[in-house]
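Work through the exercises below with the sequence and the 3D view at hand. Try each task before reading its solution.

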Amino acid sequence: MPTETFEFQVEARQLLQMMIHSIYSNKDVFLRELISNSSDALDKLRLESLRDDALGADTSDLHIAIEADGEARTLVVRDNGIGMSYDEVRELIGTIANSGTAKFLQELKEAKDATAAEGLIGQFGVGFYASFMVADEVTLLTRRAGESQGTRWTSDGTGTYTIETVDEAPQGTSVTLRLKPADTEDKLYDYTSPWKIKEIVKRYSDFITWPIRMAAEAPAAADEADGEAPETGSEPEPETLNSMKALWARSRDEVSDEEYHELYKHISHDWTDPLETIRMQAEGTFEYQALLFIPSHAPQDLFMRDHKRGVQLYVKRVFIMDDCEALMPPYLRFVKGVVDAQDLSLNVSREILQQDRQIQLMHRRLAKKVLSTIKDMMSGSPERYATLWKEFGRVLKEGLLGDFENRDAILGISSFASTHDAETPTTLAQYAERMKDGQEHIYYLTGESRQALENSPHMEAFRAKGIEVLLLTDPVDEVWVDAVPEFEGKQLRSVAKGEVDLGSEEEKKEAETEREKRQEEYGALLTWMTERLAEDVKEVRLSSRLTTSPACVVSDEHDATPALEAMYRAMGQDMPRAKRILELNPGHPLVSAVNKAHGERSGADGADGADEAGLGETAELLYGMALLAEGGELSDPSRFIKLMAERVERSL
């Protein structure tokens, strides 16, 4: 059959130019595309030979070969796979210039943005044409297994392409690129360079099932440099460039822990072994395999803005991208690993991934798998779980804010410091099991350190009654406690917010009677102090949470804490300061003395201004001491020091 010449349509030429110049900013991926095509051809031949005994194809040494010629500026990617017939070349390789063009351009026009257009290009499977990014001319020679004649397709990517039948062609497909001159400024490298080819194969195609071979560099140059003549007739053995170790595709009993650990170190650039290895395989309408790792220690940049998160994405064992954020939620950003999908396009952008339904499904399943693995570690390997929580507990708790679907699961695997044990954290379930008879809520206190919380005046009544309190010291704790109302029907309550009502029903009745009596006794003082401290507090009231301290400052039940306000301001968000409540301990001698002094001043007709000012300063000092006792900041530290110094001086 004579050579046939076909013209690219005007629209097709435009489309080809668009692909060459704008679709791939990274030109290295042309080799990824060609190797992927070869790998698919080898897969198909293996399957076809199993189905058809009469195929007569040679499957003894299936492989991909790369041949580079620096002088001729050519690069050949060859496989001995299934190959293509003449008609298939016209249909598959000619798709862009024939039947697919109209449909493609129509959908391209309907695409709303560039990322959608890029996704369509991937769907139409025209990655082969990425070769024109690096080549002035592309020649494809192919022969389908079981046929006697081959087909040659040639084009320079501009106006025309030719197709002809050839009598002599090996089984499989070879693609020969006549390379453009190297231009490193345009990221157009020398693709005949052995080190560059090895780099690309190692990065993008290392886990391809089939061996990717390249002729080893001849030792001639080295021998001549040593003054020795190279041996004649000796051809070096081809070098296999890829490891072919797609560990995630092999059964667990075929892979050693050491191999898993080496893969983890390669992916994460970590020197230590992972804490946990997670295997996952999904079959059915959407197939993928995952091999995930939980590191044994947190990276230093885990909480930095530019921290790279996500797992590596492969499609049919072809590397697509590092740090695929769409596959893993931000609170699991410490998880490393590989996800290999069978039904995604090779040419998929990060923007497309965010909207892809299959990716979203994988995202959900992978998150649930990691959380269930951590839950299993809690019961099966407490020591490793303790390490995980120590390293990653802070980031895991971020999931309580955004992942509503998995909130209960995250709460279930969370551990918190508590007053029950100074060394061992507790889970919410363990806390609930230890709750005292009649206790309705899970109590917690947030702050900067365990020591500060344990010494907080807010803890006094709880300590006196032996009620356990969770001690939350991570910055994220200030936020999630407001977002999570309850655990298994038990409300989470801050001991530094709202009213505290502890004890049995009988004790509460006795306390109410005593409170009414005290309220009558201290009512005038409370009213006066509320007016005196109106700029700082919304109310002054008697406390049921204090046993030894004279005063404490609490927030209303639904108000933000000062620490949370400070966090929002640090992030540039306008957060109005909420006035808080000053609580007084009527059983403390200082408060009793202030109440007595206030009563005497009120009952004396001739009380002078000095008495008024002195009592007012005492109220300021009480409020300032309460702020300092909880680790708060004074609005005017110098005035507080001045007042305190004067009082100390008078007492000497």
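Helices (H or I, at least four residues) and strands (E, at least two) are DSSP runs, numbered from the N terminus. This is a predicted model: local features need pLDDT of at least 70, side-chain atom pairs count only at pLDDT 80 or more, and totals for chains, interfaces and linings use all residues. Residues are numbered from 1 along each chain as its sequence is written, and side-chain values use heavy atoms, without hydrogens or water.

**Exercise 1. Explore the largest pocket: which helix gives the largest share of its lining?**

Step 1. On a 1 Å grid over the protein atoms alone, a pocket is an open set of points with protein on both sides within 12 Å along at least five of seven lines; lining residues have an atom within 4 Å of a point.

Step 2. Find the pocket. Its lining has 48 residues, and Pro562, Leu627, Glu630, Gly632 and Glu633 lie nearest the centre. The space in this pocket is about 1400 Å³, where a volume is the space filled by probe spheres set on the points.

Step 3. List the elements. Two or more lining residues come from each of strand E17 (442–446) and helices H15 (450–454), H19 (562–570), H21 (609–629) and H22 (637–651).

Step 4. Pick the helix. H19 gives the largest share, six residues.

**Exercise 2. Explore the largest cavity: which residues line it?**

Step 1. A cavity is a set of points where a 1.4 Å probe fits but cannot get out. The structure holds two of 30 Å³ or more.

Step 2. The largest cavity has a volume of about 40 Å³. Its lining is Tyr444, Thr446, Glu478, Val481, Asp482, Ser494, Lys497 and Thr561.

Step 3. E17 and helix H17 (477–483) each give two or more of these residues. H17 has the largest share, three residues.

**Exercise 3. Trace the open sheet: in which order do its three strands lie?**

Step 1. Two strands pair if DSSP finds at least two bridges between them.

Step 2. The order is E21-E23-E22, with mixed pairing. E21 (537–542) and E22 (551–554) are edge strands with a single partner strand each, so one side of each has no neighbour in the sheet.

Step 3. E22 pairs with E23 (residues 580–584) in the antiparallel sense, over four bridges. Val553 stands opposite Leu582 in E23.

**Exercise 4. Check two cysteines: are Cys324 and Cys552 buried or exposed?**

Step 1. Buried means under 20% relative accessible area, exposed over 50%, partly exposed in between (1.4 Å probe, protein chains only).

Step 2. Cys324 has 1%, so it is buried. Cys552 has 0%, so Cys552 is buried.
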